[in-house]
Amino acid sequence: MPSQETGADEAAGVTLRCGDNPLVEVRFRDRTGFVPDPVHYAVELRAPGLAARLDDIVAWPASGDPGAFLAALAGDFRGWTGERTWRTADRDLALTAVFRSRGHVGITWTVRPWRSADGSWSASATTWLEAGAQLSAAADDIGRFLAPDGDGPRG
């Protein structure tokens, strides 16, 4: 279930927890950038035995954002066949979505540093969300977090 976090010492963020295993989560954090600059942010993946963070992911307004991708998936809540994918222009964050019976969507979140000299690692975690309300709420939360006008998530 999507949840929002706000800390006194950190920038506002969005956390998505897997419906099948709440120990699996994806966190959007540390948003910077205001119009006309692109938005920069970090993504953290957490799961049993996994803790990965990629800083300085860039949201270019012309290339869309993961919130818009999730909103499109939520619009197809009755399902689809195969995989649907989205990635940042820099290819450092990629999402792959599949639909399974009983109205749930599996989203595999992959982070991969491309700017560093050691771009040889990647990490992935899969969250399962209900195809209707949960997916729509996640799309809204991420969309507000990445909005170029600086309007982060609301409680």
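This is a predicted model: local features need pLDDT of at least 70, side-chain atom pairs count only at pLDDT 80 or more; totals for chains, interfaces and linings use all residues.
**Entry 1: helix α1**

I started with helix α1, residues 66–75, and looked up which of its residues are tucked away: Pro 66, Gly 67, Phe 69, Leu 70, Leu 73 and Ala 74 are buried.

What do the buried residues of α1 pack against? I found β3 (25–32), β4, β6 (83–87), β7 (93–100), β8 (104–111) and α2 (133–146).

I also had a look at the start of α1, where a side-chain oxygen of Asp 65 comes to within 2.6 Å of the backbone nitrogen of Gly 67.

**Entry 2**

Next I traced an open sheet of 4 strands, and wrote down its order as β6-β7-β8-β9, with antiparallel pairing. Its edge strands are β6 and β9 (123–130), each of which pairs on one side only. On average, neighbouring strands here are turned by 20° against each other, direction ignored.

Then I went back to the helices. I saw that α1 lies across β6, β7 and β8, and runs at about 10° to β7. Helix α2 lies across β8 and β9, running at about 125° to β9.

Is β8 largely enclosed or open? I counted 6 of its 8 residues as buried, so β8 is largely enclosed by the rest of the structure.

I followed its pairing with β7 and found 8 bridges in the antiparallel sense. Phe 99 has Val 105 in β8 as its bridge partner, and Thr 96 has Thr 108. The hairpin of β7 and β8 has 3 residues between the strands, and Arg 102 takes a positive phi near 70° there.

With β9, strand β8 again runs antiparallel, joined by 8 bridges. In this pairing, Val 111 stands opposite Ala 123 in β9.

**Entry 2: the β4–β5 hairpin**

Last, I looked up β4 (residues 39–47) and β5 (residues 50–59), which run antiparallel and are joined by 8 bridges. Val 43 stands opposite Leu 54 in β5. How many residues sit between the two strands of the β4 and β5 hairpin? There are 2, and Gly 49 in the turn has a positive phi of about 85°.

Conventions:
Residues are numbered from 1 along each chain as its sequence is written. Side-chain values use heavy atoms; hydrogens and water are left out. Two strands pair if DSSP finds at least two bridges between them. Buried means under 20% relative accessible area, exposed over 50%, partly exposed in between (1.4 Å probe, protein chains only). Contact means heavy atoms within 4.5 Å. A polar contact is a pair of N or O atoms within 3.5 Å; within protein, one must be able to donate a hydrogen and the other to accept it, and residues adjacent in sequence count only if both atoms are side-chain atoms. Axes are lines fitted to C-alpha atoms, for helices over the stretch in contact, and angles run from 0 to 180 degrees between N-to-C directions.
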